[in-house]
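Have the viewer open and try each task before reading on.

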Amino acid sequence: MTNASDAPTNGALGSQDAVIKVENVSRWFGNVVSVSDVSFEIKPGITGLLGPNGAGKTTLLRMITGLADVSDGKVTVFGESVRNNPALYARIGVMSEHETVYQFMKGRDFVKMMGQLRGVKDIDNAVDKAINLVDLSDAAYRPMGTYSRGMRQRMRLAATLVHEPEILLLDEPLNGADPRQRVHFQNLLLSYASLGKTVVLSSHILEEVEQLADTVLLIVNGKLAASGDFHAIRAALDDRPYHVRVISDAPRDLASALVKLESVDAVNVDPEGAIVVLSRNVRDLQIELPRLAKASGVRVRRVEPLDDSLESVFGYLVDR
């Protein structure tokens with residue numbers, strides 16, 4: 001397992017620059033442990049909260065926002081306890097994973113309502129500014145039920161930004177966005193962070209976090225599996241062995257040839273006659289396999305990864 005001491009981190013506990021501190025936090029629901037003894041700090045900039053679905057990311061975000069209490073440990077934001085602290089909530093913007101919009105409501109009315117709930121002064125100017133930021137001025141007076149999923153996400157972001165929070169907590173914010181919208185969304189978050197703001201982005205997509213985050217917190221099974229910049233996380237993942245299933249018309253002949261390759265750690269033939277290859281260098285294997293099959297006179301019918309789920313990728317880090 002890679003932890004905060006094995007890779008560069010957001011800073012040691014006690015750092016004066018941290019705006020969010022999570023100290024030995026656990027959260028359980030009856031006999032189910034959702035988060036287990038997690039500690040980390042978050043500084044200004046963009047921090048990615050990365051992990052497979054069900055890893056505990058949303059529960060952590062809810063505890064950071066004060067929407068859920070901790071079962072054990074401590075969460076502070078700007079040095080204050082976040083639970084039951086309305087004054088602190090005014091400094092935080094939260095965008096949940098689940099859509100919370102009225103389909104009949106016009107986009108501008110939705111953003112305005114959220115601003116009014118936050119007590120924003122000069123509300124009309126604040127609403128126009130937030131909607132301009134997400135590039136949806138042309139659609140501001142349309143019902144949100146007529147928006148695409150990506151447009152609704154952007155208007156929800158405008159509602160999250162309308163009170164100009166110092167901290168943005170975003171749970172899977174890019175779900176449903178098309179490539180152009182993703183680029184705009186990413187540029188907006190990068191610009192916001194450049195102002196000295198703090199952005200926490202929850203995602204289960206590696207590439208999404210890689211493009212945005214200065215620091216990554218990898219959450220697996222409710223625990224902090226690794227933390228550091230993306231290069232440290234990627235290096236740990238790249239060192240993980242992969243299983244690849246190869247179906248051919250002469251599995252034993254091909255297996256005998258494959259085991260001699262440097263890119264192959266082990267080869268087995270399963271009961272169905274398919275070859276299962278263990279490799280730490282799948283890229284070289286992809287190049288070498290067709291050449292080897294041709295040289296051996298073997299016809300390869302199918303090549304498929306067996307470890308393509310995020311659970312298997314992240315689980316490798318936990319089991320190390």
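**Exercise 1.** Decide whether Arg152 is buried or exposed, and say what it touches.

*Solution.* This is a predicted model, so everything here is read from predicted coordinates.
- Step 1: find the residue. Arg152 sits in helix 5.
- Step 2: look at its relative accessible area, which is 14% for Arg152. Buried means under 20%, so Arg152 goes down as buried.
- Step 3: list the neighbours. Leaving out residues up to four places away in sequence, Arg152 touches Glu99, Val101, Met144 and Tyr147.

**Exercise 2.** Work out which side of helix 6 is buried, and what covers it.

*Solution.* 
- Step 1: get the helix in view. Helix 6 runs over residues 179-194, which makes 16 residues. From first C-alpha to last, helix 6 reaches 23 Å, close to the 22 Å expected at 1.5 Å a residue.
- Step 2: ask what lies over the buried residues of helix 6. The cover includes strand 3 (45-50), helix 4 (123-133), helix 5 (149-161), strand 7 (167-171), strand 8 (198-203) and helix 7 (206-212).
- Step 3: step just past the end of helix 6. Gly196 has a positive phi there, of about 90°.

**Exercise 3.** Describe the second largest pocket: how much space does it hold, and what lines it?

*Solution.* 
- Step 1: start with the volume. The second largest pocket holds about 360 Å³ of space.
- Step 2: go to the lining. The pocket is lined by 16 residues, and Val94, Thr100, Met114, Arg118 and Thr160 are the ones nearest its centre.
- Step 3: trace the lining back to elements. Helix 2 (86-89), strand 6 (92-95), helix 3 and helix 5 each give two or more residues. Helix 3 gives the largest share, four residues.
- Step 4: sort the lining by type. You get 10 nonpolar, four polar and two charged residues.

**Exercise 4.** Glu164 and Asn221 both have a positive phi without being glycines. Where is each one, and how exposed is each?

*Solution.* 
- Step 1: take Glu164, whose phi is about 50°. Glu164 belongs to the loop between helix 5 and strand 7. With a relative accessible area of 46%, Glu164 is partly exposed.
- Step 2: take Asn221, whose phi is near 50°. Asn221 is in the loop between strand 9 (215-220) and strand 10 (223-228). Exposed means over 50%, so Asn221, at 61%, counts as exposed.

**Exercise 5.** Find out how far apart in space two pairs are: Tyr102 with Pro143, and Ser296 with Ala257.

*Solution.* 
- Step 1: locate Tyr102 in the loop between strand 6 and helix 3. Tyr102 is partly exposed, at 48% relative accessibility.
- Step 2: compare sequence and space. Tyr102 and Pro143 are 41 residues apart in sequence, while their C-alpha atoms are 8.6 Å apart.
- Step 3: move to Ser296, in helix 10 (residues 282-296). Ser296 is partly exposed too, at 34% relative accessibility.
- Step 4: Ser296 and Ala257 are 39 residues apart along the chain, with 7.8 Å between their C-alpha atoms.

**Exercise 6.** Zoom out: how many helices and strands does the protein chain have, and what share of its residues count as buried?

*Solution.* 
- Step 1: count the elements. The protein chain has 11 helices and 14 strands.
- Step 2: check burial. Of its 320 residues, 49% count as buried.

Methods
Residues numbered from 1 in each chain as written. Predicted model: local features only at pLDDT ≥ 70, side-chain atom pairs only at ≥ 80, totals over all residues. Heavy atoms only, no water. Expected span 1.5 Å × (residues − 1). Buried < 20%, exposed > 50% of the residue type's maximum accessible area, 1.4 Å probe, protein only. Contact = heavy atoms within 4.5 Å. 1 Å grid on protein atoms, 1.4 Å probe; cavity = no way out; pocket = protein on both sides within 12 Å on 5 of 7 lines; lining within 4 Å. Points joined across faces, edges and corners; volume = space filled by probe spheres on them. Nonpolar A, V, L, I, M, F, W, Y, C, P; charged D, E, K, R; others polar.
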